[in-house]
Amino acid sequence: MVGAMAKSVKQTDADNIVLRARTEAEALGQLYELYYERIFRFCVHRLFSKETAEDVTSIIFLEVASRIRSFGGRTEQDFQNWLYAIAANQANAYIRKTSRRKRLLAEAAGSMTDNTTDNSSELNWPRLYAAILKLNSEHQTIITLRFFENMEFEQIAKILDAREATLRVTLHRILKKLRRRLETVFEGEL
Amino acid sequence: MFKNEDDFKKIVGRLNIDDKPSPGHRESLRRQMISVFDKSGEEPITKSRSLRSTIMKSPIPKLAAAAAVIIIVVIGAYYLKPDDSTTMVDIVPKQPTPTGTQLVALDIKLPKPMFVGTPQDVKVEYLEKPLGKPRPPFYAPVGTKNVAIGKPVTSTDEFPIIGKLEWITDGDKEGADGSFVELGPLEQHLTIDLEAEYNIYAIVVWHYHKEPRVYFDVVVQAASDPDFTVNASTVFNNDIDNSLGLGVGKDMHYTETAEGKLIDAKGIRARHVRLHSNGNTTYDVNHYIEVEVYGKAAE
């Protein structure tokens with residue numbers, strides 16, 4: 001009971017920070033500290049390269065800073081959904097260009113061959129990333145939010161503006177596709 | 001290999017990913033962010049919105065716009081007079097017009113549909129019934145093409161929540177993330193500068209087609225000048241309760257699909273095209289994927 005109350009108080013505090021962040025730089029700074037690492041990690045998972053992830057993380061937070069005054073949400077959850085929607089779109093916007101996608105694939109392929117300690121029977125990150133990158137951008141986002149950010153379907157549905165039931169079915173299909181791809185795609189195809 | 005979602009989760013959990021940020025980046029981004037935030041508080045309300053308010057308070061532009069609409073309707077009726085009494089979009093003549101202009105079907109490339117089947121009716125007043133089949137071809141004079149591609153776009157929301165304004169004329173009409181632009185809530189508009197005068201025959205707009213939804217107060221205007229005072233005309237208006245104050249619209253609400261909404265512009269002469277909207281059936285915000293303006297250099 002005490003734990004539940006403490007959690008509720010903490011939540012209210014976070015909601016207040018979101019409300020204050022529309023007008024107070026200090027509150028925006030607090031939100032930044034809360035979310036910087038999560039968004040950076042999300043970008044690494046979507047874009048493989050840490051350098052690219054830094055660039056896109058910057059774009060995301062600068063966009064947040066320029067838009068927060070007109071942000072209509074009231075709770076931390078609203079803010080989180082909004083922030084991830086911006087992050088998902090900026091990451092997708094980055095890899096939209098074929099040349100960039102090719103570069104990321106080449107980088108992932110390079111990491112595969114560089115990694116001499118890699119046990120080929122176990123799925124490693126560069127190989128999985130290369131397979132994920134071949135999915136369409138929306139499917140890539142779903143995989144990242146669900147498995148790397150460990151989000152519930154309800155939240156992913158809000159971020160992607162999709163129906164929860166549709167997402168469950170879509171994820172099932174994506175995993176099937178990904179499995180097939182991983183079983184057949186190896187470095188030679190990259 | 002993994003068998004199901006739980007298996008895949010375990011594999012991801014075992015991955016060794018270097019995703020630690022550098023403290024230097026974190027600090028410098030924080031400083032930049034606070035600086036952007038401080039600057040955003042100093043900027044006044046968007047210039048175009050206040051300019052429009054000023055313009056529309058004056059009776060002169062309103063009268064000029066009304067006169068222009070009447071003239072354009074008369075000219076349009078003469079140039080694109082249909083063979084029978086049905087609607088213009090369905091039956092623009094394939095034969096040469098009375099002026100001898102040869103017409104051809106516009107080649108409008110459609111994106112991949114994001115949902116299958118006829119869209120279900122959303123509870124919206126005065127809503128167009130889905131056609132249930134592909135849109136019939138639209139005929140325009142030979143040489144008519146999309147003259148909006150790559151042209152500059154400005155908006156009441158200069159810094160979209162999602163995406164960039166230039167995406168609206170970049171030729172990408174796909175409905176997936178990374179293709180649409182999200183403008184702020186409630187009433188917003190954007191303007192495309194075609195950079196020259198054109199006779200405009202059709203405007204096709206894709207707001208959002210990932211799911212069937214209806215956008216409110218869609219008003220499409222064209223004019224020769226950026227302030228919409230010269231040759232200004234309204235080619236589409238479904239603001240049935242005049243909530244934008246641009247006049248009561250007679251056009252119907254419609255459900256977004258991958259086909260986009262084709263608006264018959266009847267050959268009006270203009271350089272600037274402005275599209276208004278006021279939220280949609282799902283959210284208060286406004287979206288655009290692509291706008292195409294089919295025209296020919298003005299004679």
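Mentor: This is a predicted model. The crossing of α7(A) and α8(A) is right-handed. Helix α7 of chain A covers residues 137–148, and helix α8 of chain A covers residues 153–160. Their axes come within 10 Å and cross at roughly 140°. From α7(A), the contact uses Thr141(A), Ile142(A), Leu145(A) and Arg146(A). From α8(A), Ile156(A), Ile159(A) and Leu160(A) take part. By class, the residues of this contact are 5 nonpolar, 1 polar and 1 charged.

Now the helix you asked for: α3 of chain A, residues 50–67. Check its length first. At 1.5 Å a residue, its 18 residues should span 26 Å. The end C-alpha atoms are 25 Å apart, which agrees. Next, look for its buried residues. They include Val56(A), Ile60(A), Phe61(A) and Val64(A). Charged side chains are on the list too, among them Glu54(A), Glu63(A) and Arg67(A). What do the buried residues of α3(A) pack against? In chain A, they pack against α2 (25–47) and α4 (76–95). They also pack against α2 of chain B.

That leads to the contact between the chains. Chain A puts 42 residues into it, and chain B puts in 34. On the side of chain B that touches chain A, α1 (5–14), α2 (23–42) and β5 (181–185) each supply at least two residues. The most come from α2(B), with 12 residues. That side of chain B has 18 nonpolar, 8 polar and 8 charged residues.

How values were computed: Residues numbered from 1 in each chain as written. Chains lettered and ligands numbered in written order. Predicted model: local features only at pLDDT ≥ 70, side-chain atom pairs only at ≥ 80, totals over all residues. Contact = placed C-beta atoms within 7 Å. Helix = DSSP H or I, 4+ residues; strand = E, 2+ residues; numbered from the N terminus. Axes fitted to C-alpha atoms, helices over the stretch in contact; angles between N-to-C directions. Left-handed = near helix turned anticlockwise from the far one by under 90°. Expected span 1.5 Å × (residues − 1). Buried ≥ 20, exposed ≤ 12 C-beta atoms within 10 Å, placed from the backbone.
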